[in-house]
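Student: I have a model open and a few questions about it. Can we go through them one at a time?

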Amino acid sequence: MTFKKNLFTYGAVQIIDRILAFLITPILLMSLTIGEFAIWGQTTVFISLITPMLMLGLPQAIVRFLPDYRNKQSDIVILLLIPCLILTLFFGIILIVFEKAFLQLLYGDDISNYFLLVIFLLVLSEILYEIVVSYLRISEQFKLISLYLLTKSCLRSGLMFYFIINGKLDLISAMLLY
């Protein structure tokens, strides 16, 4: 019975997260200029595409193979995390070395270099989030995953509304709240 209850809780929180993300998009559209919204959209799409490549399928491997190693799960996850972090660091170095070409390719214009730092931080946070959630899934800690996801969604939405009400929502803050 607890598995069904945990699954229901996790599913309900996933739905709440998706609804809040859906509601934020039109608010962003009204708050940012057309160019800023295009940059935000391009950045979120790029992060969604590059993150799975940098993770090397690690979250799926954790869920698939680690339940067999009950005694050493945390050690194995840390050991498997190292190549992902090295690859992500290598990605960050590539961003720095080819910054002008990358900005021109992704955005079609030379815009601030802060976007590269934001992209790197968002990719790193997504990778860490996926790996932690995968580890918590095999540990069957769905309540903790649900609590984390609900907190993240509410915090993101709350900060977005705070920035909008105070007139301080700009492109960088919108990207960081992604």
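Student: How many disulfides does the count come to?
Tutor: The count comes to zero disulfides, where a disulfide is a pair of cysteine sulfur atoms within 2.5 Å. This is a predicted model, in which local features need pLDDT of at least 70 and side-chain atom pairs count only at pLDDT 80 or more, while totals for chains, interfaces and linings use all residues. Residues are numbered from 1 along each chain as its sequence is written, and side-chain values use heavy atoms, with hydrogens and water left out.

Student: Is Cys84 buried or exposed?
Tutor: Cys84 counts as buried because its relative accessibility is 1%. Buried means under 20% relative accessible area, exposed means over 50%, and partly exposed is in between (1.4 Å probe, protein chains only).

Student: And what about Cys154?
Tutor: Cys154 is partly exposed, since its relative accessible area is 42%.

Student: Changing topic: which residues have the most contacts inside the largest nonpolar core?
Tutor: They are Leu28, Phe91, Tyr107, Ile119 and Val123, in a core of 39 residues. A nonpolar core is a set of buried Ala, Val, Leu, Ile, Met, Phe, Trp, Tyr and Cys residues joined through side-chain atoms within 4.5 Å.

Student: Which helix gives the largest share of this core?
Tutor: H6 does, with ten residues. Helices here are DSSP runs (H or I, at least four residues), numbered from the N terminus.

Student: What does Phe91 touch?
Tutor: Leaving out residues up to four places away in sequence, Phe91 touches Phe46, Ile50, Leu54, Ile119, Phe120 and Val123. Contact means heavy atoms within 4.5 Å.

Student: What about a second core?
Tutor: A separate core of eight residues includes Val13, Leu136, Ile145 and Leu149.

Student: Where is Asn6, and what does it touch?
Tutor: Asn6 is found in helix H1, residues 2-31. Asn6 is buried because its relative accessible area is 14%. Beyond residues up to four places away in sequence, Asn6 touches Phe142 and Lys143.

Student: Now the surface. Which residues form the nonpolar patch?
Tutor: Leu89, Phe90, Ile93, Ile94, Val97 and Phe98 form it, with about 600 Å² of accessible area together. Like charges are joined within 9 Å, and nonpolar side chains (Val, Leu, Ile, Met, Phe, Trp, Tyr) within 5 Å. Accessible areas come from the Shrake-Rupley method with a 1.4 Å probe; for residues, only the protein chains shown count as cover.

Student: Where does Ile94 lie?
Tutor: Ile94 lies in helix H4, residues 73-97. Ile94 counts as partly exposed because its relative accessibility is 35%.

Definitions and conventions. Patch = residues over 30% accessible without salt bridge, like charges linked within 9 Å, V, L, I, M, F, W, Y side chains within 5 Å. Salt bridge = Lys/Arg side-chain N within 4 Å of Asp/Glu carboxyl O. Helix = DSSP H or I, 4+ residues; strand = E, 2+ residues; numbered from the N terminus.
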